[in-house]
Each structure stands twice: as structure tokens, then as C-alpha cells.
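This report is intended for a reader who is meeting the structure for the first time. The sequence and the model are shown below.

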Amino acid sequence: MTDAQAAVVQASGIVKVFGAHRALDQVDFDLRAGEVHALLGENGAGKSTLIKILTGAYQPDGGTVRLSGVEVAFRDPLQAQGAGIGTVYQEVNLLPNRSVAENLFLGRQPTRFGLVRRREIVARAQELLAAYGLDIDVTAELSDYSVAVQQIVAIARAVELSGKVLVLDEPTASLDRNEVDRLFDVVRTLKSRGLGIVFITHFLDQVFEVADRVTILRNGRKIATHTLSEVTTTDVVRLMLGKDVAFDHHPTGLGGAARGAARVSFTGVGRAGSVAPFTLAVHEGEVVGVAGLLGSGRTEMARLMFGVDAPETGTITVNGVPVQIRNPVQAVAAGFGFCPEDRKLDGIFGDLSVRENIIIALQAKLGWFRALNPEEQIELAGRFAEALDIRAASHDMPVKFLSGGNQQKVILARWLAIDPTFLILDEPTRGIDVGAHAEIVRTINRLREEGLALLVISSELDEVVAYSNRVVVMRERALVAELSGDEVAPETIVQAIAGTRDGPGTPPSAPPPANGTGAAA
Amino acid sequence: MTSPAPPRPGLPLRPVGQPPGPRPQPIWMRLARPQFIALAVVLLINWALFPGFFTITWQDGRLFGSLIDVLNRGAPVAILAIGMTAVIATKGVDLSVGAVMAIAGATAAVMVTSGLPAGLAVLAALGVGLACGLWNGLLVTALGIQPIIATLVLMVAGRGLAQLITEGSIVTFADPVLVFIGTGAVLGLPTPVAIALTLMALATLAVRRSALGLLIEAVGVNRSAARFAGIRAGVLLVLVYAFAGLCAAMAGLIVAGDIRGADANNAGLWLELDAILAVVIGGTSLMGGRFSIPMSVLGAIIIQAMNTGILISGFSPEFNLVVKSGVILIILVVQSPQAARLLRRPDRKTATASEGKA
């Protein structure tokens with residue numbers, strides 16, 4: 001690897017703007033020949049935007065992309081492919097109902113007199129895949145094979161077509177451990193052949209296993225690029241979750257906040273393929289923060305609590321009384337509220353008015369025949385809009401015209417209107433401007449002071465620390481640690497998230513990652 | 001960010017009014033909707049073609065005239081449109097209503113010709129319609145099949161079912177009750193018109209006085225968010241398809257009573273498309289959400305007014321379809337968001353800016 005230092009791809013000062021949102025802000029990225037370069041960041045950090053610019057799906061609003069030293073401006077992915085940049089996505093986008101061989105040569109079949117030379121295709125496909133250690137019947141339909149094999153076929157096709165750069169966008173998300181190993185063998189082979197490989201994933205251990213360098217993005221900015229042998233998991237987690245907005249830490253001496261009675265408790269609640277059984281109680285006047293990386297099972301835990309996914313094991317009690325929660329209707333009946341992570345998809349009713357969006361959960365709880373009359377609706381919407389400072393020209397306007405922060409407050413108002421016993425907020429500040437951000441954090445603190453029991457999931461550690469009495473940490477779809485008192489600090493949380501995977505660089509002050517108080521089974 | 005410490009949201013505060021919103025529109029603004037204009041234009045053209053168009057006479061205890069005829073002929077589609085409105089509001093569609101009409105008509109006809117009482121036959125026909133609707137609803141909710149496909153099943157199979165019931169022939173009858181449903185008069189109005197207006201009023205009251213209307217709209221706008229908000233979306237969906245089936249059975253009874261027979265092949269043929277059209281002309285979006293049952297009925301009347309106009313003008317029926325599609329195209333273009341934006345552009349710069357941001 002004598003040419004290891006030569007950059008195949010050199011992107012500098014990349015800017016991409018969507019409306020008022022800067023998806024990428026002066027991002028630099030370079031990829032060397034013969035290296036695997038991991039790209040890390042939480043949702044919305046700008047990973048996929050950067051990839052789409054490198055592969056021609058988006059055009060940058062600023063900055064330059066150089067391929068082997070030559071400045072390029074791709075119109076579309078096809079042009080990027082022709083120039084040497086191939087991409088394989090999580091969802092294999094080949095033709096499942098055609099044979100493996102046809103998929104490999106689709107659009108460039110060897111022909112004679114305008115007819116496809118089927119036998120030559122089969123022979124060449126077999127030869128090609130042999131180089132990837134695959135000995136399969138290439139005349140069988142692609143869908144007959146596992147996702148892992150389909151991924152390798154997609155990689156083979158991309159490398160054949162492009163040959164300089166391979167972008168793997170979350171290729172391992174739906175693979176099991178053996179399949180991941182197989183895929184990584186292929187990645188290492190291609191690396192030794194001098195390809196530059198960009199690897200996007202949520203799995204930190206895989207990054208350390210296969211990648212040489214890592215670039216971390218956060219909120220559209222490049223945070224750092226490091227050689228992986230020189231950093232620890234903790235360093236990487238810290239960089240991913242680091243601080244953007246400063247909050248007052250423990251404004252009211254939260255650590256030892258007096259706890260009221262347990263409002264809700266979940267005992268051994270779990271579901272196969274979702275989250276391992278966990279035990280957690282949330283008390284009156286308490287905020288329990290949930291920390292963990294994307295894909296660690298944070299959202300899945302919230303979905304189980306709210307009955308979006310029905311729990312398979314465990315019991316749930318509200319104020320000491322056992323309740324059954326197998327769907328959101330039962331959860332709402334038990335007085336639970338849930339502000340979901342994807343506001344647009346699961347939260348707002350875009351075409352309905354602000355007022356209707358606020359009263360809808362209460363109306364659903366009251367039932368079909370106890371309709372809130374217009375006066376009651378106006379009163380409720382007015383009261384909660386004032387309490388949460390929702391800025392809308394009119395409560396009759398469709399909620400889709402409100403800013404993200406105001407939409408989030410509308411959903412919060414919707415749940416406050418049912419006078420909840422327990423409120424779950426999943427990433428309440430994502431995609432919200434800084435002003436509204438601080439306001440939501442203040443609102444969470446206020447609701448806690450007023451005696452509500454809250455569970456708040458957030459990727460932003462400083463934020464979690466600012467409002468949580470306790471923090472539970474999720475890793476690999478299980479609740480692995482519960483931190484309280486002085487342990488509720490960014491550094492401790494980072495270490496708990498990084499957990500046992502941590503390398504030699506772990507600071508000696510690291511607490512035991514799982515002390516068993518919160519984790520069950 | 002400015003308010004110092006707002007009071008606790010959970011506790012009742014003094015009732016506060018909402019911020020200044022749009023004032024209620026004056027009557028002439030509401031009547032300026034494209035649907036009202038379209039109806040007025042179509043009626044005026046009919047009047048120009050046939051000067052006696054607006055003449056209504058009282059004879060034998062009932063009203064007669066071209067306008068009454070428009071309402072009478074339009075009643076089956078109007079009734080279908082009432083049921084279709086609720087389905088379309090949930091972002092669904094029901095292609096089977098025409099076939100369900102045939103099934104209901106066949107059921108009633110076969111029952112009265114075999115000597116069963118007419119009341120029972122009517123109840124059975126309505127029950128069969130309801131069952132068909134439930135079937136559609138279950139395919140859509142329990143099996144998660146796309147509505148257009150789920151209801152296509154019954155659209156195709158339904159005619160076969162109706163033919164099985166009539167054993168392939170046109171079953172004629174002279175039962176006075178069924179004939180009354182098709183051709184009688186109530187308080188001077190033709191029975192079909194009376195049924196359609198009553199159903200419209202009842203359905204509108206039912207959805208607007210209860211929470212059903214809002215919840216149906218919520219499911220149509222965002223089914224996932226509806227689930228997260230604790231709305232029983234599945235039950236609501238089954239309910240709207242069942243209601244559409246019930247409406248189709250009523251329309252089927254009217255059509256059968258009108259011709260005094262059940263024609264499994266032709267009863268209600270393609271009427272599902274007219275019903276969908278009526279709903280769309282009425283302003284309910286096929287993307288689900290906001291709906292208005294009376295406006296859908298108005299849509300059905302516009303369609304029938306065009307049909308009647310072309311008939312009385314003496315043009316050939318082929319011409320009918322071309323004119324109809326032309327008028328519909330105009331109405332849809334006027335209603336489209338793009339047109340609304342074009343019309344609004346000069347004075348609503350700020351509104352579009354905030355739209356872009358959202």
C-alpha cells in the first residue's frame with residue numbers, strides 16, 4: 001500500500017442547504033486508496049447528504065469534490081458511477097426477480113447481433129463472484145439468496161462498474177454476525193486491491209473492526225477525523241454526542257431530588273427482536289433520561305412502553321395498579337402520552353388545524369360520542385398554546401405551516417391536554433432551532449417540577465444531564481446501566497454507552513458499566 | 001423564550017380566546033366556491049338549451065319538472081357519494097359499490113318474487129350491503145390490503161355473485177313497496193330524492209355532532225399519527241367501508257325499484273366511478289383528510305345536471321362523455337393547489353414563504 005496517502009476522493013468545504021436548513025456546513029472529507037473510512041453521526045448529522053453529494057445524487061451548494069485530483073461535478077449517480085464511484089445501499093436495489101448473472105451485467109450485457117449472449121454472461125458472472133469467495137448458481141433468481149449474498153452481488157456489480165471508490169451505506173443493518181464477517185472479508189479483499197471504501201453504520205464495534213479512519217459529523221458539521229488505532233470507543237462516542245448548546249447542569253440540585261411515589265413501573269417488559277426485558281420505574285416529579293446510540297434500542301423501549309409494539313413479557317403498573325398495554329389506545333387510557341421521534345410521520349396531522357392537533361388525543365380518549373364542542377376546543381387549544389407559548393397566527397391554520405419547534409410544542413400540548421400520568425418524549429429537540437431547543441428543555445424541567453413523571457430520550461448528553469434525575473443507558477437493545485446522583489454527568493454516560501467494548505484508553509475513573517440496578521435478564 | 005414562567009399547563013387557567021384568526025367569510029364568499037359556480041353555469045346552459053328547464057309543476061300530489069328530474073336521476077350516485085366521502089376521507093376508495101348495488105337489488109328482487117314480505121327483503125338487501133362493506137373493511141384493516149385492490153375484488157366478484165342470486169336472468173317484480181322506493185313520492189318529492197336528502201342530513205349530523213368526523217379526518221391525514229394519538233383507526237376504517245356498503249345497498253334498491261327488476265349485469269354499472277367523481281368535485285381530496293358530505297352530494301347533482309343537459313340538448317350520448325370530462329377537468333384544475341397558488345400569488349407572499357419553511 002505504497003499509495004496509501006494518495007487521496008482518491010477529496011471533498012473540501014462542502015455546503016448543502018435545504019430551505020433554511022444547512023444540512024452540511026463547510027465539511028471536508030478525504031478518502032485514500034486502500035482504506036476503509038467510516039462515517040459516523042446521529043440521525044440528521046449529514047452522513048447521507050454527504051454521501052449523496054459524493055455519488056452525484058445531490059449537487060453541493062458550495063465546495064469542491066476532487067476525484068483522483070481532478071475536480072468533478074456529477075449530474076447524477078450514473079455519471080459518478082462511470083467516473084469510478086459505486087454505491088451499495090442497505091436495501092439492495094437490484095432486481096430480485098432476475099438471475100444473479102443478469103443483475104451483474106444488467107445494462108451492459110455482452111451481445112452478438114443484438115442478442116444477449118447468455119452463456120457468456122453466466123461464465124463471466126461465476127468467475128466474477130469467485131473472486132469474492134462466492135460459489136453460487138448464478139442462473140438462480142437473486143431473491144433466492146440471503147441478504148448477505150445479495151449485498152455481495154451488489155458490491156461486485158458496483159466494483160465492476162466503478163472500480164475506484166465503493167460507498168457502503170449501512171450494509172450490515174439487516175445481517176447476522178456470520179454474514180457480517182463474510183461481508184467484511186469482502187471489504188478487506190477490496191481494500192487490499194486498492195479501493196477506497198466509505199463505510200456508514202451505526203455499529204461502533206464494526207467501525208473498529210473493519211475501518212482504518214473515522215470521520216464524525218454532527219449537525220451538518222465535521223467534528224473530527226481520526227485514525228482508529230489512536231482513539232477509543234469512548235472518544236468516538238464523546239465526539240458523536242458532544243455539546244452544541246450549553247445548558248445549566250442540574251439547575252435545582254436534581255441528583256438527589258426527592259422522589260415521589262412510583263407513578264409507573266415496568267417489570268421485565270420486553271419483546272423478542274425489539275428490546276431485552278427491562279425493569280424501570282418512573283416516579284412522580286422525576287425525569288428519567290435515556291441515553292444510547294442510534295439503534296441501541298432507545299426508541300424500541302419507548303414503543304414497548306406505549307404499546308406501539310406489544311410487549312411479550314413483563315408487567316406494567318400505574319400508581320401500583322397493574323394495567324395491560326398492548327396498543328396505544330390502552331396506553332392513552334392509562335394516562336400515557338408519547339411524543340414520537342419522527343414528528344412528521346407519527347406525530348402531526350399536517351392538514352388538520354393547530355386546535356384539532358391539540359385536542360385530538362383527548363377526543364380519542366373521550367370516545368366517538370363525547371365530542372368536544374367548538375367552545376371547549378377553542379378553550380383547550382388556547383390554554384395549552386398559551387402555557388407552552390405556541391406561536392401560530394391562528395389556531396385554525398393547518399399545523400404543517402408551523403415551525404418544527406412549534407409543531408413539537410403542539411404535540412406536547414396534545415398530551416398535556418389529557419392530563420397525563422406519564423409522558424414519553426423521544427428526541428424532543430431534534431430538528432429544532434436553538435431558541436426553541438432551550439425552551440423545550442425548560443418546559444421539561446417545569447413539567448417535572450409540577451409533578452409529572454417523564455421519560456426523555458435524547459442523543460444530546462448535555463441536554464439529558466440538564467433535566468434528568470436519573471439516566472438509563474441502552475446498548476445493543478438492552479438496558480445496561482442506570483445512573484443516578486453524581487453519576488448523571490456527560491462523561492459517565494459516555495463511558496456507559498461505550499461500555500465493555502472500550503479499548504486500553506479507558507480512563508481509570510470509569511464506573512462499572514452495568515451495575516444491575518436497572519438491567520434485568 | 002420570552003415569557004418568564006408560564007403557569008402549569010395541566011391546571012385549568014382562565015379560559016382564553018384564540019388569537020385573532022380569519023373572520024367568518026361572508027355568504028357571497030362561501031357561494032363563490034367553484035362547485036356552486038359550476039352548478040349555476042351548467043343549469044344556465046340547460047336553461048338556454050331548454051327554456052322550460054326551471055319550470056316546476058305540482059301534479060298528482062308530487063312535483064314535476066326537469067330540475068326535479070335531475071335530483072331524482074342523481075339520487076343513486078348522491079347516495080353512493082355519501083358513503084364514498086367517508087371512505088375517501090380515510091385515504092381509501094371503494095370500487096365495489098356499483099357491484100354491491102347489483103347484489104342488493106338482486107337480493108330484494110329474488111326475495112319478493114319468492115313471496116317473502118317486502119319489508120324483510122329491504123332489510124335483507126341492506127344487510128347484504130352492510131356485509132359487503134364489512135368484508136371490504138376487513139380486507140383493508142385486518143389484512144392491510146390497499147383499498148383500491150381490496151375493493152376491486154368485490155367489484156369483479158360482486159357482479160358474479162349478483163348473477164348467481166338472480167340465476168342469470170333479469171328478475172322482474174311488481175311489489176308495491178320496492179316500486180315505491182324507486183318511483184314513489186314523499187311529501188311531493190320523489191322517494192329517491194327524499195331518501196338521499198334524509199341520508200345526507202343524518203350522515204352529516206352523525207359525523208359532525210359526534211367526534212367521528214374529526215377522527216376520520218385524522219386517520220385520513222396521517223394514519224400512523226392517528227395510531228400514536230390513541231385513535232382506534234382500524235375500527236373506524238371498518239365502519240366507513242360498512243357504511244359505504246350500506247349506502248350502496250340503498251342505491252341498489254332505488255335502481256331496482258325504478259326499473260321494477262334486478263339486472264345483475266347492468267345495475268349500478270360504472271356508478272362507482274361517478275360516485276368517486278362526485279366526491280372529488282365536492283372538494284374531498286383523494287389524499288384523505290377534510291371532507292364534506294353535502295358538497296359530495298352537490299358534486300353528484302352537478303354530474304347529473306350535465307347528463308340531463310346533454311340529453312335534452314339532443315346531442316348523441318357519446319358527446320355526453322366528452323363534455324362531462326371537459327367540465328370535470330375545468331373544476332379539478334380550479335380546485336388544484338397549483339391554481340390556488342397562482343391565484344393567490346400577488347398578495348400572499350408571506351404565506352408561501354412560511355409554507356416553504358414548513
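In this predicted model, helix H13 (residues 293-313) of chain B and helix H14 (residues 317-335) of chain B cross at roughly 140 degrees, and their axes come within 10 Å. H13(B) and H14(B) are therefore oblique to each other, and their crossing is right-handed. On the side of H13(B), the contact is made by B:Met306, B:Asn307 and B:Ile310. H14(B) contributes B:Phe319, B:Asn320, B:Val323, B:Lys324 and B:Val327.

H13(B) also packs against helix H8 (residues 191-209) of chain B, where the axes come within 9 Å and cross at roughly 155 degrees. H8(B) and H13(B) are therefore roughly antiparallel to each other. Here B:Ala196, B:Met200, B:Ala203 and B:Thr204 in H8(B) meet B:Ile293, B:Pro294 and B:Val297 in H13(B).

A further helix pair joins the two chains. Helix H12 (residues 354-366) of chain A and helix H9 (residues 212-221) of chain B pack with their axes 11 Å apart, at an angle of about 110 degrees. That angle makes H12(A) roughly perpendicular to H9(B), and the crossing of H12(A) and H9(B) is left-handed. The residues in contact are A:Glu356, A:Ile360, A:Gln363 and A:Ala364 of H12(A), together with B:Leu214, B:Leu215 and B:Ala218 of H9(B).

| Helix pair | Angle between axes | Axis separation | Orientation |
|---|---|---|---|
| H13(B) and H14(B) | roughly 140 degrees | within 10 Å | oblique |
| H8(B) and H13(B) | roughly 155 degrees | within 9 Å | roughly antiparallel |
| H12(A) and H9(B) | about 110 degrees | 11 Å | roughly perpendicular |

Chain A contains 17 helices and 22 strands, while chain B contains 16 helices and six strands. Of the 521 residues of chain A, 51% count as buried; of the 358 residues of chain B, 47% do. Among contacts in chain A with a separation of 6 or more, 70% are between residues 24 or more positions apart. In chain B, 77% of the contacts between residues at least 6 apart in sequence join residues at least 24 apart.

The largest nonpolar core has 276 residues. The residues with the most contacts inside this core are A:Ala417, A:Val473, B:Ile79, B:Leu80, B:Ala81, B:Ala108 and B:Leu253. Helix H11 (residues 233-259) of chain B gives the most to the core, with 19 residues. Leaving aside residues up to four places away in sequence, A:Val473 touches A:Ala291, A:Gly292, A:Val480, A:Ala481, A:Leu483, A:Ile493, A:Ala496 and A:Ile497.

Helix H8 (residues 233-241) of chain A is mostly covered, with nine of its nine residues buried. They are A:Thr233, A:Thr234, A:Asp235, A:Val236, A:Val237, A:Arg238, A:Leu239, A:Met240 and A:Leu241. The buried residues of H8(A) pack against several elements of chain A: strand S3 (36-40), H7, strand S11 (213-218), S12, helix H16 (461-467) and helix H17 (490-498).

Two of these packing partners, S12 and H7, each hold a residue that can be examined individually. A:Arg221 lies in strand S12 (residues 221-227) of chain A. A:Arg221 counts as partly exposed because it has 16 C-beta neighbours inside 10 Å, a number between the limits of 12 or fewer for exposed and 20 or more for buried. Apart from residues up to four places away in sequence, A:Arg221 touches A:Asp25 and A:Val27. The C-alpha atoms of A:Arg221 and A:Gln26 are separated by 6.8 Å, although the two residues are 195 residues apart along the chain.

A:Asp205 is found in helix H7 (residues 204-210) of chain A. With 12 other C-beta atoms within 10 Å, A:Asp205 is exposed. The C-alpha atoms of A:Asp205 and A:Arg157, 48 residues apart along the chain, are separated by 27 Å.

Finally, the confidence of the prediction is reported for chain A. Chain A averages a pLDDT of 84, and 88% of the residues score at least 70. Over residues 501-521 of chain A the pLDDT is below 50, and this stretch has 42 contacts in the model beyond near neighbours in sequence. The pLDDT also stays under 50 over residues 248-257 of chain A, for which the model has 12 contacts beyond four places in sequence.

How values were computed
Residues numbered from 1 in each chain as written. Chains lettered and ligands numbered in written order. Predicted model: local features only at pLDDT ≥ 70, side-chain atom pairs only at ≥ 80, totals over all residues. Core = buried A, V, L, I, M, F, W, Y, C linked by C-beta atoms within 7 Å. Helix = DSSP H or I, 4+ residues; strand = E, 2+ residues; numbered from the N terminus. Contact = placed C-beta atoms within 7 Å. pLDDT = per-residue confidence, 0-100. Axes fitted to C-alpha atoms, helices over the stretch in contact; angles between N-to-C directions. Parallel < 35°, antiparallel > 145°, perpendicular 65-115°, else oblique. Left-handed = near helix turned anticlockwise from the far one by under 90°.
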